[in-house]
Amino acid sequence: MELKNLTGIPEFLLLGLSVDPKLQNLLFGLFLCLYLIAVAGNLLITLVISSDPHLHIPMYFFLSNLSLADTGFISTTVPKMLVNTQTQIKSITYVGCLTQISFFCLFGCLDCMFLCVMAYDRFVAICHPLHYNTIMNSRLCGLLLLIAFCIGLLESLMHTLMVSQLTFCADVEIPSFFCDPLYLLNLACSDTSKSTILVYFISVIFGGVPASGILFSYTRIISSILRISSSGGKSKAFSTCGSHLTVVCLFYGTGIGVYLSSSVSTSTKNGAVASVIYTIFTPMVNPFIYSLRNKDIKRALWRFLSGST
(Lines give C-alpha, C1' and ligand atoms only; values in the text may rest on other atoms or scores of the structure.)
Protein backbone atom coordinates (compact mmCIF):
# COMPACT_ATOMS: atom_id res chain seq x y z
CA MET A 1 0.00 0.00 0.00
CA GLU A 2 1.14 3.51 -0.72
CA LEU A 3 2.39 5.32 2.37
CA LYS A 4 1.41 8.92 2.83
CA ASN A 5 2.22 11.47 5.47
CA LEU A 6 -0.84 12.45 7.50
CA THR A 7 -0.77 15.98 6.07
CA GLY A 8 -1.13 14.46 2.60
CA ILE A 9 -4.39 12.67 3.42
CA PRO A 10 -7.31 15.02 2.72
CA GLU A 11 -9.93 13.04 4.64
CA PHE A 12 -10.82 9.95 6.65
CA LEU A 13 -13.89 7.75 6.36
CA LEU A 14 -16.15 7.26 9.41
CA LEU A 15 -17.89 3.93 8.91
CA GLY A 16 -20.43 4.60 11.69
CA LEU A 17 -22.47 1.98 13.49
CA SER A 18 -23.96 0.25 10.45
CA VAL A 19 -23.55 0.19 6.68
CA ASP A 20 -27.05 -1.22 6.16
CA PRO A 21 -29.07 1.44 4.24
CA LYS A 22 -32.29 0.19 5.84
CA LEU A 23 -31.04 1.16 9.30
CA GLN A 24 -29.84 4.67 8.43
CA ASN A 25 -33.19 6.45 8.96
CA LEU A 26 -33.77 4.52 12.19
CA LEU A 27 -30.32 5.41 13.52
CA PHE A 28 -30.74 9.03 12.48
CA GLY A 29 -34.08 9.38 14.29
CA LEU A 30 -32.85 7.53 17.39
CA PHE A 31 -29.65 9.50 17.86
CA LEU A 32 -31.29 12.80 17.01
CA CYS A 33 -33.78 12.20 19.85
CA LEU A 34 -31.02 11.15 22.25
CA TYR A 35 -28.96 14.20 21.34
CA LEU A 36 -31.84 16.66 21.78
CA ILE A 37 -32.77 15.11 25.13
CA ALA A 38 -29.17 15.31 26.35
CA VAL A 39 -28.62 18.92 25.27
CA ALA A 40 -32.01 20.10 26.55
CA GLY A 41 -31.56 18.31 29.89
CA ASN A 42 -28.05 19.61 30.54
CA LEU A 43 -28.86 23.17 29.47
CA LEU A 44 -32.00 23.11 31.64
CA ILE A 45 -29.94 22.06 34.67
CA THR A 46 -27.50 24.92 33.98
CA LEU A 47 -30.30 27.43 33.51
CA VAL A 48 -32.13 26.35 36.66
CA ILE A 49 -28.98 26.59 38.78
CA SER A 50 -28.02 30.00 37.43
CA SER A 51 -31.53 31.43 37.92
CA ASP A 52 -32.20 30.12 41.45
CA PRO A 53 -30.37 31.95 44.28
CA HIS A 54 -30.86 28.94 46.59
CA LEU A 55 -28.51 26.94 44.36
CA HIS A 56 -25.69 29.48 44.26
CA ILE A 57 -23.36 27.28 46.30
CA PRO A 58 -20.14 25.47 45.26
CA MET A 59 -21.74 22.04 44.71
CA TYR A 60 -24.26 23.35 42.17
CA PHE A 61 -21.72 25.74 40.65
CA PHE A 62 -19.63 22.73 39.65
CA LEU A 63 -22.74 20.78 38.65
CA SER A 64 -23.66 23.51 36.18
CA ASN A 65 -20.16 23.38 34.72
CA LEU A 66 -20.38 19.59 34.51
CA SER A 67 -23.63 19.96 32.55
CA LEU A 68 -21.96 22.39 30.16
CA ALA A 69 -19.04 19.99 29.72
CA ASP A 70 -21.49 17.14 29.00
CA THR A 71 -23.21 19.32 26.41
CA GLY A 72 -19.88 19.99 24.70
CA PHE A 73 -18.86 16.33 25.01
CA ILE A 74 -21.90 14.98 23.18
CA SER A 75 -21.94 17.87 20.69
CA THR A 76 -18.41 17.01 19.59
CA THR A 77 -19.41 13.70 18.03
CA VAL A 78 -23.17 13.34 17.47
CA PRO A 79 -23.89 16.25 15.05
CA LYS A 80 -21.24 14.99 12.63
CA MET A 81 -22.64 11.46 12.91
CA LEU A 82 -26.15 12.74 12.18
CA VAL A 83 -24.96 14.64 9.10
CA ASN A 84 -23.05 11.61 7.80
CA THR A 85 -26.03 9.32 8.41
CA GLN A 86 -28.48 11.60 6.64
CA THR A 87 -26.29 12.51 3.67
CA GLN A 88 -24.65 9.07 3.33
CA ILE A 89 -21.31 10.88 3.12
CA LYS A 90 -18.91 9.17 5.52
CA SER A 91 -15.91 11.45 5.13
CA ILE A 92 -14.34 13.80 7.65
CA THR A 93 -11.46 16.08 6.77
CA TYR A 94 -8.02 15.79 8.36
CA VAL A 95 -8.48 19.14 10.11
CA GLY A 96 -11.99 18.15 11.17
CA CYS A 97 -10.71 14.89 12.65
CA LEU A 98 -8.00 16.62 14.67
CA THR A 99 -10.51 19.23 15.82
CA GLN A 100 -12.92 16.53 16.92
CA ILE A 101 -10.18 14.73 18.86
CA SER A 102 -9.16 18.00 20.50
CA PHE A 103 -12.64 18.90 21.77
CA PHE A 104 -13.50 15.28 22.63
CA CYS A 105 -10.44 15.01 24.90
CA LEU A 106 -11.01 18.49 26.34
CA PHE A 107 -14.61 17.91 27.42
CA GLY A 108 -13.90 14.33 28.52
CA CYS A 109 -11.10 15.54 30.78
CA LEU A 110 -13.31 18.35 32.12
CA ASP A 111 -15.88 15.72 33.09
CA CYS A 112 -13.21 13.85 35.07
CA MET A 113 -11.97 17.01 36.76
CA PHE A 114 -15.43 18.32 37.69
CA LEU A 115 -16.43 14.95 39.15
CA CYS A 116 -13.26 14.99 41.23
CA VAL A 117 -13.84 18.56 42.43
CA MET A 118 -17.44 17.75 43.31
CA ALA A 119 -16.22 14.77 45.37
CA TYR A 120 -13.85 17.12 47.21
CA ASP A 121 -16.75 19.50 47.82
CA ARG A 122 -18.79 16.68 49.39
CA PHE A 123 -15.75 15.65 51.45
CA VAL A 124 -15.41 19.14 52.91
CA ALA A 125 -19.17 19.46 53.50
CA ILE A 126 -19.46 16.15 55.38
CA CYS A 127 -16.07 15.84 57.08
CA HIS A 128 -15.49 19.54 57.86
CA PRO A 129 -18.98 21.11 57.96
CA LEU A 130 -18.05 23.97 60.30
CA HIS A 131 -15.28 25.14 57.96
CA TYR A 132 -17.15 24.52 54.69
CA ASN A 133 -17.91 28.16 53.85
CA THR A 134 -14.37 29.18 54.72
CA ILE A 135 -12.71 26.46 52.63
CA MET A 136 -15.07 26.40 49.64
CA ASN A 137 -15.08 30.14 49.05
CA SER A 138 -15.69 31.76 45.68
CA ARG A 139 -11.98 32.33 45.12
CA LEU A 140 -11.14 28.64 45.53
CA CYS A 141 -14.06 27.63 43.30
CA GLY A 142 -12.84 29.93 40.55
CA LEU A 143 -9.29 28.61 40.95
CA LEU A 144 -10.45 24.99 40.75
CA LEU A 145 -12.46 25.80 37.61
CA LEU A 146 -9.38 27.42 36.02
CA ILE A 147 -7.15 24.48 36.95
CA ALA A 148 -9.66 22.00 35.50
CA PHE A 149 -9.81 23.92 32.23
CA CYS A 150 -6.01 24.18 31.97
CA ILE A 151 -5.57 20.45 32.61
CA GLY A 152 -8.24 19.71 30.00
CA LEU A 153 -6.44 21.88 27.46
CA LEU A 154 -3.15 20.12 28.24
CA GLU A 155 -4.62 16.65 27.69
CA SER A 156 -6.35 17.80 24.52
CA LEU A 157 -3.11 19.24 23.18
CA MET A 158 -1.14 16.07 23.98
CA HIS A 159 -3.65 13.81 22.22
CA THR A 160 -3.86 16.09 19.18
CA LEU A 161 -0.08 16.34 18.82
CA MET A 162 0.26 12.58 19.21
CA VAL A 163 -2.24 11.86 16.42
CA SER A 164 -0.70 14.52 14.16
CA GLN A 165 2.64 12.66 14.27
CA LEU A 166 1.18 9.39 12.97
CA THR A 167 1.66 8.17 9.40
CA PHE A 168 -1.27 6.53 7.64
CA CYS A 169 -1.86 4.48 4.53
CA ALA A 170 -4.25 5.65 1.84
CA ASP A 171 -8.02 5.27 2.33
CA VAL A 172 -8.16 5.32 6.13
CA GLU A 173 -11.47 3.84 7.30
CA ILE A 174 -12.31 4.41 10.99
CA PRO A 175 -14.74 1.73 12.28
CA SER A 176 -16.59 4.20 14.49
CA PHE A 177 -18.81 7.27 14.27
CA PHE A 178 -16.11 9.69 15.44
CA CYS A 179 -12.33 10.06 15.32
CA ASP A 180 -11.32 7.85 18.22
CA PRO A 181 -7.56 8.13 18.94
CA LEU A 182 -7.43 4.41 19.84
CA TYR A 183 -8.72 3.42 16.39
CA LEU A 184 -6.33 5.83 14.70
CA LEU A 185 -3.42 4.18 16.51
CA ASN A 186 -4.50 0.78 15.19
CA LEU A 187 -4.87 2.13 11.64
CA ALA A 188 -1.49 3.88 11.48
CA CYS A 189 1.15 2.39 9.19
CA SER A 190 4.07 3.74 11.19
CA ASP A 191 5.44 2.34 14.44
CA THR A 192 2.92 3.20 17.16
CA SER A 193 4.60 1.60 20.18
CA LYS A 194 5.66 4.94 21.65
CA SER A 195 2.31 6.54 20.86
CA THR A 196 0.45 3.64 22.50
CA ILE A 197 2.53 4.01 25.65
CA LEU A 198 1.84 7.75 25.59
CA VAL A 199 -1.92 7.22 25.24
CA TYR A 200 -2.07 4.89 28.23
CA PHE A 201 0.19 7.22 30.21
CA ILE A 202 -2.13 10.14 29.47
CA SER A 203 -5.15 8.03 30.43
CA VAL A 204 -3.59 7.02 33.74
CA ILE A 205 -2.55 10.56 34.63
CA PHE A 206 -5.58 12.54 33.47
CA GLY A 207 -8.15 9.85 34.24
CA GLY A 208 -6.59 7.87 37.05
CA VAL A 209 -5.49 10.78 39.23
CA PRO A 210 -9.01 12.33 39.40
CA ALA A 211 -10.41 8.84 40.03
CA SER A 212 -7.95 8.43 42.91
CA GLY A 213 -9.06 11.78 44.31
CA ILE A 214 -12.70 10.67 44.13
CA LEU A 215 -11.86 7.36 45.81
CA PHE A 216 -9.94 9.10 48.60
CA SER A 217 -12.75 11.61 49.18
CA TYR A 218 -15.43 8.93 49.41
CA THR A 219 -13.27 6.77 51.67
CA ARG A 220 -13.11 9.66 54.13
CA ILE A 221 -16.79 10.47 53.61
CA ILE A 222 -17.92 6.91 54.34
CA SER A 223 -15.66 6.79 57.38
CA SER A 224 -17.21 10.00 58.72
CA ILE A 225 -20.77 8.88 58.00
CA LEU A 226 -20.28 5.59 59.83
CA ARG A 227 -19.32 7.55 62.96
CA ILE A 228 -22.69 9.33 62.96
CA SER A 229 -24.84 7.82 65.71
CA SER A 230 -28.35 8.55 64.39
CA SER A 231 -29.74 6.67 61.41
CA GLY A 232 -31.44 9.86 60.22
CA GLY A 233 -28.12 11.68 60.13
CA LYS A 234 -26.51 8.86 58.17
CA SER A 235 -29.36 8.84 55.67
CA LYS A 236 -29.18 12.60 55.18
CA ALA A 237 -25.40 12.51 54.70
CA PHE A 238 -25.63 9.69 52.15
CA SER A 239 -28.42 11.48 50.26
CA THR A 240 -26.24 14.56 49.71
CA CYS A 241 -23.73 12.59 47.65
CA GLY A 242 -25.91 9.81 46.20
CA SER A 243 -26.50 11.52 42.85
CA HIS A 244 -22.83 12.37 42.43
CA LEU A 245 -21.71 8.85 43.28
CA THR A 246 -24.18 7.42 40.75
CA VAL A 247 -22.82 9.69 38.00
CA VAL A 248 -19.22 8.79 38.93
CA CYS A 249 -19.94 5.06 38.70
CA LEU A 250 -21.73 5.51 35.37
CA PHE A 251 -19.02 7.71 33.85
CA TYR A 252 -16.02 5.64 34.90
CA GLY A 253 -17.82 2.33 34.51
CA THR A 254 -18.73 2.96 30.87
CA GLY A 255 -15.32 4.53 30.17
CA ILE A 256 -13.45 1.52 31.54
CA GLY A 257 -15.84 -0.75 29.66
CA VAL A 258 -14.97 0.95 26.36
CA TYR A 259 -11.23 0.51 26.93
CA LEU A 260 -11.62 -3.11 28.01
CA SER A 261 -13.87 -3.96 25.06
CA SER A 262 -11.41 -2.38 22.62
CA SER A 263 -8.46 -4.26 24.09
CA VAL A 264 -10.12 -7.65 24.70
CA SER A 265 -12.63 -7.93 21.85
CA THR A 266 -11.45 -8.12 18.25
CA SER A 267 -14.85 -6.94 16.96
CA THR A 268 -14.77 -3.29 15.95
CA LYS A 269 -18.58 -3.25 15.98
CA ASN A 270 -18.64 -4.07 19.70
CA GLY A 271 -16.19 -1.26 20.35
CA ALA A 272 -18.35 1.22 18.43
CA VAL A 273 -21.47 0.19 20.33
CA ALA A 274 -19.59 0.54 23.64
CA SER A 275 -18.52 4.03 22.57
CA VAL A 276 -22.19 4.98 22.14
CA ILE A 277 -22.82 4.25 25.82
CA TYR A 278 -19.81 6.31 26.86
CA THR A 279 -20.23 9.31 24.58
CA ILE A 280 -24.03 9.58 24.27
CA PHE A 281 -25.85 7.65 26.98
CA THR A 282 -23.87 8.99 29.95
CA PRO A 283 -24.28 12.73 29.14
CA MET A 284 -27.96 12.10 28.43
CA VAL A 285 -28.85 10.44 31.76
CA ASN A 286 -26.81 12.75 34.04
CA PRO A 287 -29.53 15.46 34.17
CA PHE A 288 -32.16 12.86 35.03
CA ILE A 289 -30.02 11.44 37.83
CA TYR A 290 -29.57 14.85 39.43
CA SER A 291 -33.16 15.98 38.89
CA LEU A 292 -34.76 12.76 40.16
CA ARG A 293 -32.46 12.09 43.12
CA ASN A 294 -31.79 15.64 44.33
CA LYS A 295 -34.55 17.42 46.25
CA ASP A 296 -32.97 20.88 45.83
CA ILE A 297 -32.83 20.49 42.06
CA LYS A 298 -36.41 19.20 41.92
CA ARG A 299 -37.70 22.15 43.95
CA ALA A 300 -35.71 24.64 41.88
CA LEU A 301 -36.89 23.01 38.67
CA TRP A 302 -40.50 23.22 39.82
CA ARG A 303 -40.08 26.91 40.74
CA PHE A 304 -38.42 27.60 37.38
CA LEU A 305 -41.14 25.86 35.35
CA SER A 306 -43.91 27.46 37.44
CA GLY A 307 -42.41 30.89 36.94
CA SER A 308 -42.04 30.29 33.22
CA THR A 309 -45.66 29.39 32.83
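How much space lies in the second largest cavity? Please also describe what lines that cavity.

Analyst: This is a predicted model. About 80 Å³ of space lies in the second largest cavity. Its lining is made of Met59, Tyr60, Leu63, Met118, Arg122, Thr240, Cys241, Ser243, His244, Tyr290 and Asn294. The most comes from α8, with 4 residues. By class, the lining has 6 nonpolar, 4 polar and 1 charged residues.

Now the wider setting. An unreviewed UniProt entry annotates "transmembrane region" at residues 26-48, 60-78, 98-120, 140-158, 197-216, 237-260 and 272-292. The model gives 100% helix and 0% strand for residues 98-120. The end C-alpha atoms of that span lie 33 Å apart. Residues 140-158 are also 100% helix and 0% strand, with end C-alpha atoms 27 Å apart.

A search of the whole structure finds 3 cavities of 30 Å³ or more. The largest cavity holds about 110 Å³ of space. It is lined by 13 residues, of which Gly16, Leu17, Met81, Thr85 and Lys90 are the closest to its centre. Here the elements giving two or more residues are α1 (21-51) and α2 (58-87). By class, this lining has 7 nonpolar, 5 polar and 1 charged residues.

Definitions and conventions: Residues numbered from 1 in each chain as written. Predicted model: local features only at pLDDT ≥ 70, side-chain atom pairs only at ≥ 80, totals over all residues. Heavy atoms only, no water. UniProt positions renumbered as here; feature names shortened; annotations may be inferred. 1 Å grid on protein atoms, 1.4 Å probe; cavity = no way out; pocket = protein on both sides within 12 Å on 5 of 7 lines; lining within 4 Å. Points joined across faces, edges and corners; volume = space filled by probe spheres on them. Nonpolar A, V, L, I, M, F, W, Y, C, P; charged D, E, K, R; others polar.
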